[in-house]
Amino acid sequence: MPEKKISQVEFVRSYFLQRPMEIISHEKAKADLESAYLTIMGKRLEDSDRAIRKLYGDGFLEKIAKGQYRYNPETSGRKEFIEFSQAEKNEILKRDNFRCVVCGLGRENGVELHIDHIKPRSSGGEGTVENGQTLCGRHNYLKKNFTQTETGKKSFIRLLELVEGHPEDPNSSTLEKFLNEILDVYEKYGIDSHIARDGQESKS
Ligand SMILES: [Zn+2]
């Protein structure tokens, strides 16, 4: 029984080893692994969920977002460098006067304090005092989720390019207008200006 479990974990590990730096969702990994295991081993892979969680828990995989994993050969197995130790957390809190560095609120204001990686883990940011900052729950959430707007902007630009390539489609002009307006909103708020729309024309 334990032998079988080890071999399943190793099967899952080799799947990620073959895909360095690829961000893979839990669902995709599970589907790929189950079908590959069935083909190769001739039986069902029973506990891919547990295997993925174990590989993450062991520091072999890193979690990029909820349910999104990556094997990064540079940092794999170096969990102690990536996560903050309790001592480092305490030092960061003390340095930041136990307050969110963005809004200045502290526990006495009823907010929860989080230690955030200034340079994110997914970009190789390490769990050091220098790379840590104190954030309240709200600002931690905002920081984490702002990368979502980048993903969104990229996909809107891509859609716009597709739509512009099909002017004969009766729906394309509405969709094009809609997408341009969304991208204008990004510009209005100066969000993700490092991602540019192709063939950007200035509108008056
Ligand atoms: Zn805050």
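1. Which residues are in contact with R70, once its neighbours within four places in sequence are left aside? In this predicted model, R70 is in contact with M21, E22 and I23, with L61, E62 and I64, and with S122. The residue itself belongs to strand β3, which covers residues 68-70.

2. The side chains of R70 and E62 are joined by a polar contact of 2.8 Å. E62 is also among the residues listed as being in contact with R70.

3. Is R70 buried or exposed? The relative accessibility of R70 is 7%, and the limit for a buried residue is under 20%. R70 therefore counts as buried.

4. N97 has a phi near 55°, which is a positive value in a residue other than glycine. F98 likewise is a residue other than glycine with a positive phi, near 55°. N97 is found in the loop between α5 (86-95) and β4 (113-117), and F98 is found in the loop between α5 and β4.

5. How exposed are these loop residues? N97 has a relative accessible area of 55%, and because exposed means over 50%, N97 is classed as exposed. F98 has a relative accessible area of 37% and is therefore partly exposed, a class that lies between the limits of 20% and 50%.

6. The secondary structure of the protein chain consists of seven helices and five strands. Along the sequence, these elements follow the pattern α-β-α-α-β-β-α-α-β-β-α-α. The radius of gyration of the protein chain is 22 Å, well over the 17 Å given by the globule rule for 204 residues, so the chain is more spread out than a compact globule. Taken along the principal axes, the C-alpha atoms fill a box of roughly 70 × 55 × 30 Å.

7. Of its 204 residues, 31% count as buried. Among contacts with a separation of 6 or more, 53% are made by residues 24 or more positions apart.

8. The protein chain exposes about 13200 Å², of which carbon and sulfur atoms supply 53%. There are 33 positive and 34 negative side chains in the protein chain. The centres of these two sets lie 6 Å apart.

Technical notes: Residues are numbered from 1 along each chain as its sequence is written. This is a predicted model: local features need pLDDT of at least 70, side-chain atom pairs count only at pLDDT 80 or more; totals for chains, interfaces and linings use all residues. Side-chain values use heavy atoms; hydrogens and water are left out. Helices (H or I, at least four residues) and strands (E, at least two) are DSSP runs, numbered from the N terminus. The radius of gyration is taken over C-alpha atoms; the globule rule is 2.2 Å times the number of residues to the power 0.38. Buried means under 20% relative accessible area, exposed over 50%, partly exposed in between (1.4 Å probe, protein chains only). Contact means heavy atoms within 4.5 Å. Accessible areas come from the Shrake-Rupley method with a 1.4 Å probe; for residues, only the protein chains shown count as cover. Lys and Arg count as positive and Asp and Glu as negative; His and the chain ends are not counted. The place of a charge is taken as NZ of Lys, CZ of Arg, CG of Asp or CD of Glu. A polar contact is a pair of N or O atoms within 3.5 Å; within protein, one must be able to donate a hydrogen and the other to accept it, and residues adjacent in sequence count only if both atoms are side-chain atoms.
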